[in-house]
Amino acid sequence: MSILSRVVAEKRELVLGMPALTELEQRAMDADPARPFSEALRAKNPVALIAEIKKASPSRGVLIDKYEPDRIAAAYERGGAACLSVLTDENYFCGTANDLILARREVTLPVLRKDFIVDEKQVYESRGIGADCVLLIAAALEGAQLRDYREVAEGLGMAALVEVHDEGEMDAAAYSEAKLIGINNRDLSTFETDLATTERLARYAPSGAVLVSESGIWTKADVDRVSAAGARAILVGESLMRADNPAAEIGELLG
């Protein structure tokens, strides 16, 4: 079983213990209005940065000992990030929903909830904790689910970032009429990254979709490379989490 398959199976088990859908719908309606995620990306030229907040990763382990999502979020905003991404998965990234709540309270930036969405309940839950965008991983969902969950997210005022890894998943993203498509440069079976993934898949992206290149971006040269391939935005986590001065690191990445 691949890591993604194992994670998806575990998430489906967790969904069984979630509150009723009606309760999650009410929490979503009671939440503060969503901030415009897609618009924030489009407003930055030539490349927008989604700066990621995460305590750990499956491939690298714990990235930071003193983990303060609110302080990190403030530094990212000072550095010029367009949006934030916050890992809320507990088992593999040591995250919690409260990390997103703390980070969002500290900034005016829109926030992506980065987790493994496998059920409609999680979309409503995301809005209820304040997320402005949700991640929908094409490899974890059927084509109909991608479309349905994207529509639910947008109906709640959120954006949906549909993540793809290969040509078939790009086709699924196009079928779902995704407006935001994330190309993950990381091979989920080996955890190796290759920016050529963005270069290869960008050619198959539907016209009008905002492309986000994810993973393996460490330098300004990397940013320029994926931008030349068609990426309108980048999602960067590990290099920022390891930086002594995240705001300065953002400046170097964006030039």
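1. Let us start with Cys-94, which counts as partly exposed at 39% relative accessibility; partly exposed lies between buried, under 20% relative accessible area, and exposed, over 50%, with a 1.4 Å probe and protein chains only. Cys-94 sits in the loop between β4 (83-87) and α5 (97-106). Its phi is near 60 degrees, a positive value in a residue other than glycine.

2. A word on what you are looking at: this is a predicted model, where local features need pLDDT of at least 70 and side-chain atom pairs count only at pLDDT 80 or more, while totals for chains, interfaces and linings use all residues. Residues are numbered from 1 along each chain as its sequence is written, and side-chain values use heavy atoms, leaving out hydrogens and water.

3. Ser-215 also deserves a look, with a phi near 80 degrees, a positive value in a residue other than glycine. You will find Ser-215 in the loop between β9 (210-214) and α10 (220-229). Ser-215 is buried, its relative accessible area being 17%. As background, most residues other than glycine have a negative phi, and most peptide bonds are trans.

4. On the topic of peptide bonds, the one from Asn-45 to Pro-46 is cis, with omega near -5 degrees. Pro-46 belongs to the loop between α3 (37-42) and β1 (48-53). Helices (H or I, at least four residues) and strands (E, at least two) are DSSP runs, numbered from the N terminus.

5. Is Arg-113 buried or exposed? Arg-113 is buried, with a relative accessible area of 6%, and lies in strand β5 (residues 111-114). Its side chain makes a polar contact of 2.9 Å with that of Thr-88 and one of 3.0 Å with that of Ser-126. A polar contact is a pair of N or O atoms within 3.5 Å; within protein, one must be able to donate a hydrogen and the other to accept it, and residues adjacent in sequence count only if both atoms are side-chain atoms. Leaving aside residues up to four places away in sequence, Arg-113 touches several others, including Val-86, Leu-100, Glu-125 and Cys-133; contact means heavy atoms within 4.5 Å.

6. Finally, a helix pair: α4 (residues 69-79) and α12 (residues 246-254) pack at an angle of about 35 degrees, their axes 8 Å apart. Axes are lines fitted to C-alpha atoms, for helices over the stretch in contact, and angles run from 0 to 180 degrees between N-to-C directions. Ala-75, Tyr-76 and Gly-79 of α4 meet Pro-246, Ala-247, Ile-250 and Gly-251 of α12.
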